[in-house]
Amino acid sequence: MAGSKPVALKPQEAAPPPPPETVDEAAAAAPHAALDRGVRAAAARLTQGVSPLAVTAPWVDWAVNLAASPGRMLDLGEKAVADGARLAAWAGRRAAGENAEPPFELDQRHCLDDPDWRAPPFEFYAQSWAAAADWWREATRPMRGMRARDAERAAFMADFAMDALCPAHVPWLNPEVIKRTLATGGANLVAGAENFAEEMTNAAIGAKSGEAARAALGDTLATTPGQVVFRNELMELIQYAPTTETVRREPVLIAPAWIMKYYVLDLSAHNSLVRWLVDQGFTVFMISWINPGPEHRDVSLDDYRRLGIMAALDAVSAIVPGERIHACGYCLGGTLLSIAAAHMAGRGDDRLASITLLAAQVDFAQAGDLMLFVDEAQIAYLEDMMWDQGVLEGDQMSGTFTFLRADELLWEKATREYLLGERDKPFDLSMWNSDRTRLPARMHSDYLRGLFLENRLSAGRFAVEGEVVALSDIAAPVFLVGTERDHISPWNSVYKLHLFVRTPVTFVLTSGGHNAGIVSEPGHEGRSYRIAAQDPEDRYVSPERWRERIAPREGSWWTAWTEWLAARSAPEQVAPPAMGAPAKGYAPIEPAPGPYVRMP
């Protein structure tokens, strides 16, 4: 590839032996295996890819162990009686007009945050529900003999069910809905019915999500000027135009995840991370991944490394020759960047001046709620569906995240739109979120098995081109960002990179979630972050102790990052590089944002 630097190769390590034949491989050779896979694929589409075994097995484990635990059953029976007595006593005192303290806490329940839930008669509904939820939390605590994963799943699903049964979702029990209905003469319910009918119609006709967002690309979204300077079968590379007379010598290359469109980092002009970097005097390159279709079914995780990150590095090295590169990866893009960086370091390729990882994990032992439902049965179920489709559809992946955050993304949304008759006004981040992407079947299987299920990267068993890569080989300094309310990459899991690298790590814990915590521009009200650097020789500090020790700072972590990048860049600035390098095969192709990001 044009622009590659020669690298000093270390003696090649022996490739790990091939794994033994698995049950899946043996089953695939059976005469009627395709029939089995087709049936499972059809069932998987009906369940949005959720394996029935993943849902039922925890309850079988729970029921069997509970049946063998008479002491636990007595405890639960006594708790039910005691809670019922507390609830009845409180209700009697409240009915008599006393100002009695409610027996169960409601403050942490978003569905019951209206003040009327703490006044009769609605407080009786709320407290009855809270008592039942409290009992189920106790009932699904781990039992001796029960598998830990099943205990976690049962507790999660019990909480899911109790959220569904919250009285806030019943129109004649919800004080806010009742008040709205009386005030509007029922117009809210009519509007809610229209909202519901619209969504059902769109689902029936197969309307593509994200059409409004794609129509706004280059107009109000993804507006930072630039040029597509390279394109292959998996990605386009965008080079952004400078806005300063001089720039830092070292360019910045950003690798977003391909489970999202890149323009989450180039939203509106006021909250574009790309524009912020360009305005601070950095030459910025962005990978824009293709939205794959069934024809990409055999694209592997390593193809994304080879044709994505490595091809982009080659292009940047050709356009800005002789300079090292600040590489940044977001979410899965950061995980892949870590793999690429470790492989490069092991081969003596020192093109990386620094590495920035945004909400990216390298260890998946504590990978959040999503990990609860990643096991052999679930992955096999997804693989059969992807075998049939060629890809994991964006709506199917979105359904998984909705299930994991049902209280916010399902039940509260349904109450707001169908009972209160409201529609959220679209804004840049919500429009981007609706512009969903697909995942190639082989790549997603590689990712789920190699990283999520088997955790090969942090265990020293992840191979690239026949060589096991070691994160400890990485020598470039690391800027690591976790977000406080991240359900996809929990910050304490992101933090664990400290355990695997022997290079200085500056860790930032910022307010917000997986996306909003990253899109946290200066001037955004209510934003804060904690930051501290750790050298390789420092003792490891657990994430909990780290958080206790480091005081929060008001403002955006973006300013801290650009200062960190500047400190690891050459002190002198230079004239901006030309757009592309036509003589080396990287001529500008067309203006940003390019066609790949517009693909539905």
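Contact here means heavy atoms within 4.5 Å of each other. Helices (H or I, at least four residues) and strands (E, at least two) are DSSP runs, numbered from the N terminus. Axes are lines fitted to C-alpha atoms, for helices over the stretch in contact, and angles run from 0 to 180 degrees between N-to-C directions.

A word on where this comes from: it's a predicted model, in which local features need pLDDT of at least 70 and side-chain atom pairs count only at pLDDT 80 or more, while totals for chains, interfaces and linings use all residues. Residues are numbered from 1 along each chain as its sequence is written, and side-chain values use heavy atoms, with hydrogens and water left out.

**The sheet**

**Helix against helix**

Two packed helices are described by the angle between their axes and the distance between the axes.

| Helix pair | Axes come within | Crossing angle |
|---|---|---|
| α3 (residues 52-67) and α6 (residues 148-164) | 8 Å | roughly 110° |
| α6 and α15 (residues 406-419) | 10 Å | roughly 25° |
| α13 (residues 376-389) and α17 (residues 441-453) | 10 Å | roughly 170° |

For the wording, angles under 35 degrees count as roughly parallel, over 145 as roughly antiparallel, 65 to 115 as roughly perpendicular and the rest as oblique. As for residue classes, Ala, Val, Leu, Ile, Met, Phe, Trp, Tyr, Cys and Pro count as nonpolar, Asp, Glu, Lys and Arg as charged, and the others, Gly among them, as polar.

With axes crossing at roughly 110°, α3 is roughly perpendicular to α6. On the α3 side the contact uses Ala54, Val55, Ala57, Pro58, Trp59 and Asp61, which meet Asp150, Arg153, Ala154, Met157 and Ala158 of α6. That's eight nonpolar, no polar and three charged residues.

Helix α6 has another partner: it crosses α15 at roughly 25°, making the two roughly parallel. Phe160, Asp163 and Ala164 of α6 touch Ala406, Asp407 and Trp411 of α15, a set of four nonpolar, no polar and two charged residues.

Then there are α13 and α17, whose axes cross at roughly 170°, so they are roughly antiparallel to each other. Glu376, Ile379, Ala380, Leu382, Glu383 and Met386 of α13 make the contact with Ala441, His444, Ser445, Leu448, Arg449 and Leu453 of α17. By class these come to seven nonpolar, two polar and three charged.

Where are the cis peptide bonds? One joins Pro120 and Pro121, with omega about 0°, and Pro121 lies in the loop between α4 (70-95) and α5 (122-139). Another runs from Ala592 to Pro593, with omega near 10°; Pro593 is in the segment after β17. Cys331 has a positive phi, near 55°, though it isn't a glycine, and it lies in the loop between β6 and α12 (332-346).
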